Amino acid sequence: MEGVTANYTVEGMVCQHCASSVTEAITSLDGVRDVTVEVQSGQVRVDSDQALDEAQLAKVLDDIGYEFARSA
């Protein structure tokens, strides 16, 4: 089954705990298969069944205190 890989920038991460929180939040979205977070650059790679709704992504990140900056 093919999927979609997208890269995003998330602001506000400073440690590995932040990365874990972001990973958990994004993984809760329907269709997400895998999330890879690089804290220093703020880059987040998401593998999913289909393209994510960026408004929904921004909301789950905002709910835990991080800011969805843009698609990379």
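Q: What does Gly42 do in the hairpin of S2 and S3?
A: Gly42 takes a positive phi near 80°, in a hairpin with four residues between the strands. Helices (H or I, at least four residues) and strands (E, at least two) are DSSP runs, numbered from the N terminus. This is a predicted model, where local features need pLDDT of at least 70, side-chain atom pairs count only at pLDDT 80 or more, and totals for chains, interfaces and linings use all residues. Residues are numbered from 1 along each chain as its sequence is written, and side-chain values use heavy atoms, with hydrogens and water left out.

Q: In which sense do S2 and S3 pair?
A: Antiparallel: S2 (residues 32-38) and S3 (residues 43-48) share six bridges; pairing takes at least two bridges found by DSSP. Asp34 stands opposite Asp47 in S3.

Q: Is Cys18 buried or exposed?
A: Buried, with a relative accessible area of 6%, whereas Cys15 is partly exposed at 31%. Buried means under 20% relative accessible area, exposed over 50%, and partly exposed in between (1.4 Å probe, protein chains only).
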